[in-house]
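Here is a short briefing to read alongside the structure. Have the viewer open, and we will go through confidence, strands and helices in turn.

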Amino acid sequence: MGARFGLSQRRVCRVFDLDRNTLRYQPHRPADEALRARMRELAALKRRYGSPRIYVRLRREGWRVNHKKVERIYREEGLSLRRRARKQVALPRVPLPRPTGPGLCYAMDFVHDRLATGRRFKCLTMTDLCSKEVPVIEVDVSIGGQRVCRILDRLFGNRPLPERLSLDNGPEFASMALDAWAAQHGVQLHFIQPGKPVQNAFIESFNGKFRDECLNEHWFVTLQEAQVVIEAWRREYNEERTHSTIGDLTPMEFIHHHQDRPQTAPDSASMAVV
């Protein structure tokens, strides 16, 4: 501008009350090629990971970066996550009770999909409401009430029984077989109101992630392929995927931390004999 109007740089800075060092400053940001390459690798490997989750993954790998730098490079590299449009429905926000520890309450539901041949299959999904662990995703073309009971027997053969199972009103869950199983093992079945999946929001949230990050990312040719890929994704979800609601830990890390936490001793008043 000074050359255009015949003014010196000193005069221009005086007019605009600008320090000449500020005018002459040239940014010296490092290229960060290694960081950019790793972010591109993560974005290509996990296409549904956004900037916050990539930041957590980088920090866990030992990269000394803050979230602002990751967000800037994320935009510069054109890695922005495409948001899928959702229908906006005004629903009342009702806080759901959350268990005080892992293994006390699980939620179950079914997710349906198709093979490349057009054949339908279903997935029985299950999640721990506290730790976010997914102990099982059963994949088959047909899963009835008796099959659900066998899956629960297999699952809780080596882990403590829960206090409650949260379910919808599907025929597989409302069957006499599951009712008898729950009565035999002392497990409460909590059925949500018909047509109100928001009352089982924990499993609905997981089902959305499951479809977005696994089912929509693969085109299964055979049922066996679907079973292998989904089981591998389930293990990764439990052992590698972090969750902001449990302090950016994986479900397995959260469970181990909870088990290692010292138990508080009861106070003298609660132990007093009345």
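What pLDDT does the protein average, and what share of the residues score at least 70? This is a predicted model, and its average pLDDT is 85, with 86% of the residues scoring at least 70.

**Confidence**

- Among the elements of the protein, E3 has the highest mean pLDDT, at 97.
- The lowest mean pLDDT among the elements, 38, belongs to helix H12 (residues 268–271).
- Over residues 265–274, pLDDT stays under 50.
- For that stretch, residues 265–274, the model has one contact beyond four places in sequence, so please read the coordinates there with the pLDDT in mind, as it is the predictor's confidence in each residue.

**Strands**

- Strand E1 (residues 105–114) runs antiparallel to E2, and nine bridges join the two.
- Within this pairing, Thr-125 in E2 stands opposite Asp-109.
- E1 and E2 form a hairpin, with five residues between them.
- Strand E2 (residues 120–128) is mostly covered, with eight of its nine residues buried.
- As a general point, side chains in a regular strand alternate between the two faces of the sheet.

**Helices H4 and H5**

- Helix H4 (residues 33–45) packs with helix H5 (residues 51–60) at an angle of about 120°, and their axes are 11 Å apart.
- H4 and H5 are therefore oblique to each other.
- The crossing in which H4 passes H5 is right-handed.
- On the H4 side, Leu-35, Arg-38, Met-39, Leu-42 and Ala-43 meet Ile-54, Arg-57 and Leu-58 of H5.

**Helices H9 and H10**

- The axes of helix H9 (residues 201–213) and helix H10 (residues 223–239) cross at roughly 125° and come within 12 Å.
- That angle makes H9 oblique to H10.
- H9 passes H10 in a right-handed crossing.
- Residues that meet here are Phe-206, Lys-209, Phe-210 and Glu-213 from H9, and Ile-230, Trp-233 and Tyr-237 from H10.

Terms used:
Residues are numbered from 1 along each chain as its sequence is written. This is a predicted model: local features need pLDDT of at least 70, side-chain atom pairs count only at pLDDT 80 or more; totals for chains, interfaces and linings use all residues. Side-chain values use heavy atoms; hydrogens and water are left out. Buried means under 20% relative accessible area, exposed over 50%, partly exposed in between (1.4 Å probe, protein chains only). Helices (H or I, at least four residues) and strands (E, at least two) are DSSP runs, numbered from the N terminus. Two strands pair if DSSP finds at least two bridges between them. pLDDT is the predictor's confidence in each residue, from 0 to 100. Contact means heavy atoms within 4.5 Å. Axes are lines fitted to C-alpha atoms, for helices over the stretch in contact, and angles run from 0 to 180 degrees between N-to-C directions. Angles under 35 degrees count as roughly parallel, over 145 as roughly antiparallel, 65 to 115 as roughly perpendicular and the rest as oblique. A crossing is left-handed if the near helix is turned anticlockwise from the far one by less than a right angle, and right-handed if clockwise.
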